[in-house]
Amino acid sequence: MAEQRDPQKASLHADGRQGRMGRDNAPAFTVQDEIRRDRRVRRAGQYRRARRRVAPMAAVVVCVLLCLALLGGAAALLLRVETVMIDGNVRYTDGEILAASGIHSGDSMLLIRKDKLLRKITALCPHVETIEIAKTYPSALTIRVTETGAVYFTQVRDRVCTLDASLRVIECTDAVDGLIELRLPEIKSAVEGSALVFADAEDDARVRTILETLGGADDVLALDCLDLRDRYNITAYAAGRAEILFGDAARLAVKLRIAREVYADALAEGSGGTRIDVSEPSRVSVSYDQVINYSKE
C-alpha cells in the first residue's frame, strides 16, 4: 500500500531543514566586523611606524641628557673655590666681607649665585650696596663691592636709623651729623641691610617719588629736614633758616624751583628766618625774619 503522508507535517519538516541550512550558510562576520578589524589593523600599523620613528630620537635625547648630567657632575666636583679676592671695599675689611659671604675653600664655583651672595653680605655689612662676581675657572673668585653712605636718618619707634638714598637701613646710631632728617608715615619694620617697610604700601611709593625731587635739593636750598607724614602738607626745613610749605606733591618740581628763587632773594635781603608757602605756585607767600621752629627729633 502506498504510504500516505500528512501534508502539514511534510511542510514543517521542509521548513525546519531550510531554517537549519539558512543558519549554517550565514557568513561568519558581518560588514561592520570587517570595518572594525581593518581599523584595528591600520592603527596597529601606524603605532609600529611611529615607534620606529621615535625610538632613535628618544635614544639620542637620553644619551644627551646622560652626557650633560655627567658633565655637570664632573664640573661640580672639579670646579672648586681655592682663592677669593675682595675688591672695592673701604669701610669693611676683606675678612669681614669674606666671612659675611659664607664662601669657604672647596665650595663649588657653579653654586655661587650673585643674588644669594648679596643678601648674605648686606645682612652683616649693610654699607655694601651692590656686588659683582667674577669667576676665573677653575678655582679663582673675585667679589667686587660697591659701598653706600648714609644720606638720611629717621626715628623708628625708640631707635634712630640711618638710611641710604634708596631708603635702605644702614645702621641704628645716634651719629647723624650731616644727614637729612626724614619724618615719615608709620614704619612697619626697619632691618639693617634691608629697605624700610612702610605700614601702608602707598606711603612707600609716595615717599620715594617725593624724595626723587626733594632729595637732591642740596645747592642754595640745603635741606635739613623733610616732613612727609601728611601727604597734603609736605614741609621742609633748610639750614635752620627757612621753612618751606609745599602742600601736596602735585607740581613738586615747579614748587621747588620757585622756593629756591624766593629763598635766594630772602638771603640777599638778609632775612634771618624765612617762611615760604608754595603750596599754590600761582600765589606764593613769603614772610621774612620769622622764627623757624625746627629741631632734630
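The predicted model contains an open sheet of nine strands with mixed pairing, in the order β6-β5-β4-β7-β10-β11-β12-β13-β14; strands here are DSSP runs of E with at least two residues, helices are runs of H or I with at least four residues, and both are numbered from the N terminus. Two strands count as paired if DSSP finds at least two bridges between them. The edge strands, each pairing on one side only, are β6 (169-172) and β14 (285-287). On average, neighbouring strands of this sheet are turned by 20 degrees against each other, direction ignored, with axes taken as lines fitted to C-alpha atoms, for helices over the stretch in contact, and angles running from 0 to 180 degrees between N-to-C directions.

Strands β4 (residues 152-156) and β5 (residues 159-163) run antiparallel and are joined by five bridges. Within this pairing, Tyr152 has Leu163 in β5 as its bridge partner.

## Helices on the sheet

Helix α5 (residues 201-214) packs on the sheet and touches β4, β7 (180-183), β10 (223-227), β11 (234-238) and β12 (242-247), where contact means heavy atoms within 4.5 Å. The direction of α5 makes about 155 degrees with that of β10. Helix α6 (residues 252-269) lies across β11, β12, β13 (274-277) and β14, and runs at about 155 degrees to β12.

## Cysteines and Ser108

A search of the whole structure finds zero disulfides, a disulfide being a pair of cysteine sulfur atoms within 2.5 Å. For Cys161, the closest cysteine sulfur is in Cys172, at 3.3 Å, which is too far for a bond. Cys161 is buried with a relative accessible area of 0%, and Cys125 is buried with 3%; buried means under 20% relative accessible area, exposed over 50% and partly exposed in between (1.4 Å probe, protein chains only).

Ser108 lies in the loop between α3 (94-101) and α4 (114-124) and counts as buried at 6% relative accessibility. The side chain of Ser108 reaches the backbone nitrogen of Leu110 at 3.3 Å.

## Whole chain

The chain has six helices and 14 strands. Of its 297 residues, 31% are buried. Among contacts between residues at least 6 apart in sequence, 47% join residues at least 24 apart.

## Basis of the values

Residues are numbered from 1 along each chain as its sequence is written, and side-chain values use heavy atoms, leaving out hydrogens and water. In this predicted model, local features need pLDDT of at least 70 and side-chain atom pairs count only at pLDDT 80 or more, whereas totals for chains, interfaces and linings use all residues.

Terms used:
A polar contact is a pair of N or O atoms within 3.5 Å; within protein, one must be able to donate a hydrogen and the other to accept it, and residues adjacent in sequence count only if both atoms are side-chain atoms.
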